Amino acid sequence: MSAAATDPDCLFCRIVAGEIPAEVVAETDTSLAFRDVSPQAPTHVLVVPRRHVADAGELADVSPTELAEVTLLARTVAQQEGLDGDYRLVFNTGPGAGQSVFHAHLHLLGGRAMKWPPG
Ligand code: AMP
């Protein structure tokens, strides 16, 4: 599969295609932001590239511009959500780090106090 392909078996590709419903909060030509179905904070939004890549490192490899666009869209959503510059961005990478969907996605979390280090 080429880096720009869509994987018909990928949950987030199917959300991007509109085949599975999601609460979309923002989008660009290359990225989509939608609410996490199991929120871990008052604001919990996932920002994904439209293209199917497995993780953030692969996205950086195939398109640094799109990686930046994902980050910028997260910042836009944080502003929309009124987070006032206080939010956490997380890319879980690999199953041992908690990645369960193998389509790159940036977690935007905010609206509560954030502990460090995360669990
Ligand atoms: P990760 O564990 O880092 O791969 O994150 C995957 C995230 O996708 C989890 O936080 C899930 O709650 C979320 N998720 C799974 N299915 C859906 C869905 N249909 N719509 C929105 N978020 C989802």
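At 34% relative accessibility, Thr71 counts as partly exposed (between buried, under 20% relative accessible area, and exposed, over 50%; 1.4 Å probe, protein chains only). The model is predicted: local features need pLDDT of at least 70 and side-chain atom pairs count only at pLDDT 80 or more, while totals for chains, interfaces and linings use all residues. Residues are numbered from 1 along each chain as its sequence is written, and side-chain values use heavy atoms, with hydrogens and water left out.

**Position of Thr71**
- Thr71 belongs to helix H3, residues 64-80 (helices are DSSP runs of H or I with at least four residues, strands are E runs with at least two, numbered from the N terminus).
- Between the C-alpha atoms of Thr71 and Ser31 the distance is 9.7 Å, with 40 residues of separation in sequence.

**Shell around the ligand**
- The ligand has 16 residues around it, of which Asp36, Asn92, Gly98, Ser100 and His107 come nearest (a residue is near if one of its heavy atoms lies within 4 Å).
- Helix H1 (11-16) and strand E2 (31-35) each supply at least two shell residues, and H1 gives the largest share, three residues.

- A polar backbone atom of Ser100 is 2.6 Å from an oxygen atom of the ligand.
- For a polar side-chain atom of His105, the distance to a ligand oxygen atom is 2.9 Å.
- An N or O atom in the side chain of His107 lies 2.8 Å from an oxygen atom of the ligand.

Notes
A polar contact is a pair of N or O atoms within 3.5 Å; within protein, one must be able to donate a hydrogen and the other to accept it, and residues adjacent in sequence count only if both atoms are side-chain atoms.
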